[in-house]
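Me: I am new to this structure and would like to learn how to read it. Could you take me through a few of its features, one at a time?

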Amino acid sequence: MQALQTLSIQKPETVAQAIALHRAGESRYLAGGTDLVPNLRRNIQKAQTLIDVSGLAELRGIHAGEQSLRIGAGVTLESLCEDATVRARAPLLAKAASLVAGPTHRICATVGGNLMQDTRCYFYNQSDWWRTTNEYCMKCEGDTCRVAPKSERCYACYSGDLAPALLALGAEADIAGPTGARREPIAALFADDGMRHLKLAPGDLLISIDVPLEAGWTADYEKLRIRGAIDFPLAGIAVALKRDGDRIAGLRVACTGLNSYPGLVSGLDALIGQKPDEAFHAALDKAVRKEIQPMASTLVAAGYRRRVAAGLARRLVERLYAAAA
Amino acid sequence: MVSRKGSGDMNQNTKRILRIQVNGRWREDAVADNQLLLDYLREQLYLTGTKRGCDGGECGACTVLVDGRPRLACCTFAVAVEGCHVETIESQSQDGRLSPLQQAFHEKLGAQCGFCTPGMVMAAEGLLRRNPHPTEAEIREALGGNLCRCTGYVKIVESVQAACGAEKNADEKMEERA
């Protein structure tokens, strides 16, 4: 990898200072750096100044309330995995965090960084000389999407593990920015575009995540990856399920690694109130396949990832349904 | 106090004085903002035991300890560990004597080509400080981010077990059973 571009690092002491330091097109926020630094080395993301937010007190801490859990964006994934409250009251989040990358990454990688990570593609996450010989791609310095050459858009894939878990739990994000603070559902942060997958304004900084704690729901997450110990999801499915007697009273299915955004599977309303029989699973299979659009952005065939995604959804629903008996 | 260093001429790497403890010794060095911990250790301090492997956080060869916890030096800016205690593979042996982990890697053939070994030893050191008697599963989990292209994982896990006395305990159990 080539030498790092010239840049300066600024260390603000408050969120307000961090936002005031931000310059559109020049600055990037830096926390754990496990996603950003390799991208800077590969020259696929650029910055003249990095604003180190890892020391900001406002981004720290996990606070449990009666109805919800507040998780600071600067909480490390290791802390999230090991936190007793999270493990007891939102085990899905602890599990999803435990499946991110390797243990050394999780020590410094943060919740905010994982959620806001860049989209990935085989033709994008490569060294400069690799991309030169392949005439670059639409997402960085080129003009054609190497995955879908006739396409007008980029199909780089969102590969965060926390996002589907947060979507399945119905979490919301607290964001501070130059125009003030606001709260948005997780789904509203993302767009179906590999190049501009975050719907954030310049200078916006994720402060914390608010996870509602709903009684009676169980949830789980599974992912497909090549290296079992450390890898991005090729297909990841999170399911939250509520069982009432022998029927399913509530169901949320979210996916990652399959689109340019982490998405909630739509069209599941018709399945509420049903028993998970073959007709149910056929409809679930159809709904999952309709939501996802895996492309040739990884070395694993898109058709296989599609089949795995549907299979994981079924497996998780069956497991959670049985466990909730 | 907000640091606005480098907000002027962007064509020059801004440098600042980095106060840092490396292998037990405090030092101060002029370090550019864009300098990674790996480059600082290898090229400025000549501590070349820490290896540059994939250079992208995928192989763990550059693992060092920052305040006792494993950290990927290739994904960490040097100025980000200001005031911290950084330990590299060079801190393991004392007065010419190998550390228990190094001795175990030597005796149990935990090193083949040896390129991943500094990262493996430091990741294992980080584990043993938190958990002096890990199970095999815990060792495999802790070394999950460290890649050995000689694929000598069995010997590496055995080395870590030997270093923490797990194997000795197993032998003792065998004797007890006999």
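Me: Let me begin with one residue: in which strand is the place of Arg252(A)?

Reply: Arg252(A) lies in strand β11 of chain A, residues 247–256. Helices (H or I, at least four residues) and strands (E, at least two) are DSSP runs, numbered from the N terminus. Before we go on, this is a predicted model, where local features need pLDDT of at least 70, side-chain atom pairs count only at pLDDT 80 or more, and totals for chains, interfaces and linings use all residues. Residues are numbered from 1 along each chain as its sequence is written, chains are lettered from A and ligands numbered from 1 in the order in which they are written, and side-chain values use heavy atoms, with hydrogens and water left out.

Me: Which residues is Arg252(A) in contact with, leaving aside its neighbours within four places in sequence?

Reply: Contact means heavy atoms within 4.5 Å. Among the partners of Arg252(A) are Leu167(A), Ala168(A), Glu214(A), Trp217(A) and Leu264(A). Take Ala168(A): it is 84 residues from Arg252(A) along the chain, yet their C-alpha atoms are separated by 5.4 Å.

Me: How do I read a sheet? In what order do the five strands of the open sheet in chain A stand?

Reply: Strands of a sheet pair through backbone hydrogen bonds, either parallel or antiparallel. Here the order is β4-β5-β8-β6-β7 in chain A, with antiparallel pairing. Two strands pair if DSSP finds at least two bridges between them. The edges are held by β4 (62–64) and β7 (180–185) of chain A; each has a single partner strand, so one side of each has no neighbour in the sheet. On average, neighbouring strands of this sheet are turned by 20° against each other, direction ignored. Axes are lines fitted to C-alpha atoms, for helices over the stretch in contact, and angles run from 0 to 180 degrees between N-to-C directions. For one pair, look at β6 (residues 172–177) and β8 (residues 205–212) of chain A, which are joined in the antiparallel sense over five bridges. Within that pair, Ile175(A) has Leu206(A) in β8(A) as its bridge partner.

Me: And what is the pairing in the open sheet of three strands?

Reply: That sheet, ordered β1-β3-β2 in chain A, has parallel pairing. Its edge strands are β1 (8–10) and β2 (27–30) of chain A, each with a single partner strand, so one side of each is left without a neighbour in the sheet. Neighbouring strands here are turned by 30° on average, direction ignored. Four bridges link β2(A) with β3 (residues 49–52) of chain A in the parallel sense, and Tyr29(A) finds its bridge partner, Ile51(A), in β3(A).

Me: How do I describe two helices that pack? At what angle do α10 and α11 of chain A pack?

Reply: Two packed helices are described by the angle between their axes and the distance between the axes. Helix α10 (residues 278–291) and helix α11 (residues 302–323) of chain A pack at about 135°, with axes 9 Å apart. That makes α10(A) oblique to α11(A); angles under 35 degrees count as roughly parallel, over 145 as roughly antiparallel, 65 to 115 as roughly perpendicular and the rest as oblique. Among the residues that meet are Phe280(A), Leu284(A) and Val288(A) in α10(A), and Ala309(A), Ala313(A) and Val317(A) in α11(A).

Me: Is Cys137(A) buried or exposed?

Reply: Cys137(A) counts as buried, because its relative accessibility is 7%. Buried means under 20% relative accessible area, exposed over 50%, and partly exposed in between (1.4 Å probe, protein chains only). Cys81(A) also counts as buried, at 9%.

Me: What is the phi of Tyr136(A)?

Reply: Most residues other than glycine have a negative phi, and most peptide bonds are trans. Tyr136(A) has a positive phi, near 55°. Tyr136(A) sits in the loop between α8 (128–133) and α9 (162–169) of chain A, and counts as buried at 18% relative accessibility. Tyr46(B) also has a positive phi near 55°, but Tyr46(B) is exposed, with a relative accessible area of 65%.
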